Amino acid sequence: MTHWATLSRDQRHVLASELRASFTRLTSNRLALDLTRGKPGTSQLELSNALDHQMNGDYKSREGVDVRNYGGLRGIVEARELGGEIMDVPAANVLVAGNSSLALMHLVMETALHRGLWPGMAPWQESGKVRVFTPVPGYDRHFALTASLGIEMQNITLGADGPDMDVVREAVRRDASIKAIWCVPKYSNPTGCIYSDEVVLQMAELPKIAAARNFVVLWDNAYAVHDLLFPAPRLASLFAAADLAGTQRHMLQFGSTSKITFAGAGISFVGSDESVLKRIEEQLSLMTVGYDKLNQLRHARFLNGRLTAHMQAHAQILRPKFDLVAKKLHAGLSGLGIATWTNPQGGYFVSLDVMPGLAKRVVSLAKEAGLAMTAAGATFPYGLDPEDRNIRIAPTFAELDALEAAMDVLVICVKLTALESLQTA
Ligand code: PMP
């Protein structure tokens with residue numbers, strides 16, 4: 001493959017007319033393709049239909065709790081064990097809630113801001129300006145939630161091993177207005193990277209060096225067991241590292257079964273020190289008398305003892321989709337010097353970086369051809385990708401034939417915009 005920067009003006013001209021012809025053919029096909037949806041496909045949902053048959057008239061938890069009734073805000077013990085297994089946290093340090101871990105993240109942020117997360121913790125708002133580190137590219141709902149609370153975000157580059165910890169450590173040491181860091185430590189949304197052992201260790205130690213006494217690590221382990229390959233890569237245990245560092249109450253770990261069973265009808269988990277779980281429970285008691293324990297029991301009965309086998313069944317469905325995306329990107333774009341992308345071993349996304357200044361143009365061209373892509377910029381706080389180059393690909397929901405057609409459109413759009421830009425350069 002010839003690196004496109006070395007093409008002559010004439011060669012670029014010929015290539016551009018060929019690509020424009022392909023693009024015109026595509027737009028005349030009236031396609032309706034969609035790579036925006038980071039949710040399980042229907043065949044993945046089918047894997048959990050046996051949730052329906054878990055009760056069989058037996059509504060008692062292992063400890064004899066009648067799960068049909070009110071109460072039990074900490075969650076039933078077998079569901080806490082499930083959360084513990086998913087997040088790699090002891091069950092005693094897990095609280096189980098409703099279907100959304102994002103709701104728990106919201107509660108934790110609000111509590112930290114206005115009230116404090118443990119007895120004696122000064123609420124963030126007391127010290128004036130509040131800022132959090134946002135590794136980028138990252139998850140748009142973390143950014144929207146943070147912005148909605150009036151908290152400022154400071155971008156930090158996410159590498160293959162996690163955030164640049166030299167920059168993080170230096171900044172939190174110096175600046176007491178930095179109160180937290182968002183992390184998606186395994187199969188990060190959207191790059192798919194896994195934080196290295198060293199980064200996990202340094203995260204656990206951050207509260208010891210932070211200028212802010214109320215600094216916390218927001219550890220959103222949404223893809224903890226969402227492996228494509230087995231034996232699966234292991235993320236080092238933040239819980240164990242924080243135990244050693246003596247920083248457990250500064251660690252807030254989140255997880256859910258959203259992409260394990262039913263995305264809209266699962267259960268969620270938060271893991272931390274007992275003092276923090278107590279505070280969260282207090283806050284929850286203002287909102288609910290208790291979560292759906294029937295669903296907790298159903299999930300525990302369905303998944304405990306067979307979680308890995310269940311995730312392997314997901315992987316069998318998802319692997320061909322991720323393989324197809326990798327194959328199409330490689331065949332269409334490798335060696336041209338116009339794009340780079342990730343090859344994740346799990347999670348729900350592939351991250352594509354096009355030439356600086358072109359992501360918005362690629363997404364709008366794709367739309368013209370009938371392909372919906374996540375808005376360019378969505379992977380950055382305030383929707384602002386400073387280099388306008390990152391595009392998130394979500395391959396899980398589309399069927400294979402639609403995914404193939406979508407990737408063909410995307411590759412043409414990336415090539416066409418790159419040529420346009422090289423021609424005017
Ligand atoms: N965190 C991350 C990183 C996610 O990608 C998602 C889903 N897109 C969520 C949290 C949402 O999780 P839940 O369904 O448990 O609210």
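Modeller: We begin with a definition: on a 1 Å grid over the protein atoms alone, a cavity is a set of points where a 1.4 Å probe fits but cannot get out, a pocket is an open set with protein on both sides within 12 Å along at least five of seven lines, and lining residues have an atom within 4 Å of a point. This is a predicted model, in which local features need pLDDT of at least 70 and side-chain atom pairs pLDDT 80 or more, while totals for chains, interfaces and linings use all residues. Residues are numbered from 1 along each chain as its sequence is written, and side-chain values use heavy atoms, without hydrogens and water.

Colleague: Which residues lie nearest the centre of the largest cavity?

Modeller: They are Pro135, Gly138, Trp182, Val184 and Ser188, from a lining of 13 residues. Helix H5 and strand E6 (178-183) each give two or more residues to that lining; helices (H or I, at least four residues) and strands (E, at least two) are DSSP runs numbered from the N terminus.

Colleague: How many charged residues does the lining of the largest cavity have?

Modeller: Asp, Glu, Lys and Arg count as charged, Ala, Val, Leu, Ile, Met, Phe, Trp, Tyr, Cys and Pro as nonpolar, and the others, Gly among them, as polar. The lining of the largest cavity has no charged residues, but nine nonpolar and four polar.

Colleague: Which element gives the most to the lining of the second largest cavity?

Modeller: Helix H11 (residues 307-333) does, with four residues. Among the lining residues of this cavity are His226, Lys259 and Met311.

Colleague: Where does the ligand sit?

Modeller: A molecule sits in a cavity or pocket if more than half of its atoms lie within 2 Å of its grid points. Here the ligand sits in the largest pocket. That pocket is lined by 25 residues, with Gly38, Tyr139, Arg141, Tyr223 and Lys259 nearest its centre. Helix H4 gives three residues, the largest share of the lining.
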